[in-house]
Amino acid sequence: MPRTVLPSICRFCHANCGIRVEVEDGRPVRVTGDRANPAYHGFTCAKGRQLPALHAHPDRLLHSQKRTADGRFEPIASARAIDEVAARIQDLIARYGPRSIALYVGTYSGPHPATIPFAIGWLLAAGSRMVFTAATIDQPGKNIANALHGRWLGGSHVFDESDAWLLVGNNPLISMSGGIPPANPARRLRDAKARGMKLVVIDPRRTETARSADVYLQPRPGEDPALLAALLHVVIREGLFDRDFVRDHVSGFAEIEAAVAPFTPRFAAERAGVAAEDIERAARAFGGARRGCGVAGTGPNMAPRGNLTEYLLLCLNTVCGRWRRAGERVANPGALLPKAVPVAQAQAPRRALGFGEKLRVRGLANSAAGLPTAALADEILEPGDGRIRALICVGSNPIAAWPDQHKTRRAIDALDLLVTLDMKLSATSRLAHYVIAPKLSLEVPGLSLSMEALEQTYVAMGYSEPYAQYTPAIAQPPPGADVIEEWEFFYGLAQRMGLALSLYPTRAETGVLRERSDAVDVDMAHKPTTDEIFADLVARSRVPLAEVKQHAHGAIFADPPILVAPGDPDCAERLDVGNADMLRELAEVVREGARAAEVRGRPFRLVSRRMPNVYNSSGRDIDSLTRGRPYNPAYLHPDDLAALGLAEGDTVRIASDHASILGVAAAAPELRRGVLSMSHAFGDAPERDGEYREIGSTTGRLVDGAREYDRYTGIPRMSAIPVSIERAEMA
Ligand code: SF4
């Protein structure tokens, strides 16, 4: 059979790179970057190039599985599995009410546009609002800060046009998110530097991105609020802010000016462990520029005061006037999303908390970031009315990813019904009652929708231009397989339960539900195709889907240009840089003094990191990606290794006040001393702890979900965790 070469979209991660796939007998055999793609220009990463290995993985489930009474798994036809799951869910709803059914959506479903709308649509139709997503354990501060600060309806400056850019704890060259557009970020950074853009990076690790920084600050983990307050201090003190913009569109300026007054460069420098002169250089590089934005990554959101970090970044962007004005061309007016209607006007803050479902633990509730995933295990374990008894997990592996692994395990064991949609028997799926075997990415149609949606959700995220690509399914599942698309599972459940499904074409990954008027009703009598679903989801897109389909290699749909309209001169809405709650948190930092509290006996701070060849818990079992190191090393500065009497490869015990894990020591001279850097979502259930050199270690186990948590989102301290490290003597 001859090989054919087909353009497609990589969906190993959310970046949606344009690829060329060589297909033989319906199987993908080779992936390369697509040089004809106008946004990605041939870029791929190692993960994308290993899509054929992922599709042909020996552990891949080709049939759904049902766990037997003695704990074994046996294949079950997917239709039969849906019958049985629907019956069990109906029984639980009849006995305990719809709130007993919950959904958890992880990051691996993001690249499949139909999955999340169908999953949430089914749950809502069943009468439950217990939708949990990765948004509240990843970067929840973004949603909270957006709500407290308000939105600028003209949009933000974007990377490709800026002359200064500030990155706080993110490494877009590897993570493919966080400020530099994911379409070939290295090339975009190179181009930006060539045209003179100043890059400021704040990160305890001199990352791949930080190596290109003009000003680099290497602080103690967890000190981003102090540093950002100091940047604001300098910008205001030196008059580097945009007076006209502040006068016309901002409230709370006097309050924030007073709040950052104590954050002199010297105060913040001592607190963060950096040079005061570097703080001033960073403030001048950013504040003295004409265009640019500040963007934070996952680590600062997982650290204490993540909302405050994100809020101060918005305040910095706002006082520097980094928003589009009337008459400016919109960089990305949308392609698959509805046409942007930008206007040079503020939208006042909205509620960040106090609406939607309430949880029964720790006083937590729904917020602008969704329901607190960090409390989902408690909601399963807490006895009484409203207990969650059934959980459907999509694109996720909670045992490896949620905070407080021991509690997560107890919760999973306590469920009456756990269903996962998973390509293999992951740590979580091995505990499931049913595992639904899905089709994989190249076997299903795709749309570059998830990355575009980010652009409308967060400041300076997603694409810089109106790019879109569609791909049909270009490969076949292996012969004899009984695999289905994820959306088909939820459609099947709805059919069997007699439910009418409505889809919310929304940034559902944030857990924020749209209005009913956005909903698309699904034909429950005649099962739609994936293409028909896509057409419904983007029915109001700026560029018709039919036109997007004409461009097999993707296209940038720049014309006609869309300009920002003038704001209403009578508009009284303002962006708020003086939120009382946030400034109270900032005052706490002042009260703590120039030296943050140390935790006795825990001299290191554990921070998270991305590994280039692994996407959370995906890819770490593909030999060609891990190249003989399938675990997540415990990276330390070489001087810290020496001080601890450790050598690379030694086994170490890493202990927080909550739990301990084993790890494998490795040297990383790019780290600040006192920092331990490890990737999250590795490892497996606790009974496999001894295999840390084969499967890695679960850092989530070190997190105490109930002790130190954010009152808005429930996210506990998941980064900057105080830990001790010692050699572990292994038998
Ligand atoms: S960055 Fe993500 S989408 Fe792009 S090739 Fe790598 S895994 Fe695929």
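Buried here means under 20% relative accessible area, with exposed over 50% and partly exposed in between (1.4 Å probe, protein chains only). The model is predicted: local features need pLDDT of at least 70, side-chain atom pairs count only at pLDDT 80 or more, and totals for chains, interfaces and linings use all residues. Residues are numbered from 1 along each chain as its sequence is written, and side-chain values use heavy atoms, with hydrogens and water left out.

Helices are DSSP runs (H or I, at least four residues), numbered from the N terminus. In α11, the buried residues are Pro265, Phe267, Ala268, Ala269, Arg271 and Ala272. Because 6 of its 8 residues are buried, α11 is largely enclosed by the rest of the structure. These buried residues pack against α8, α12 and α22, contact meaning heavy atoms within 4.5 Å. After α11 comes Gly273, with a positive phi near 75 degrees.

| Helix | Residues |
|---|---|
| α11 | 265–272 |
| α8 | 224–237 |
| α12 | 276–287 |
| α22 | 580–592 |

A nonpolar core is a set of buried Ala, Val, Leu, Ile, Met, Phe, Trp, Tyr and Cys residues joined through side-chain atoms within 4.5 Å. The largest has 118 residues, and those touching the most other members are Phe12, Trp165, Leu166, Leu231, Ile256, Ile279 and Leu586. Helix α8 gives the most to this core, 10 residues. Leaving aside neighbours within four places in sequence, Leu231 is in contact with Leu166, Ile202, Ile279, Ala282, Ala283 and Leu316. Another core, of 59 residues, lies apart from the largest one and includes Val85, Ile93, Leu449 and Leu537.

Technical notes: Helices (H or I, at least four residues) and strands (E, at least two) are DSSP runs, numbered from the N terminus.
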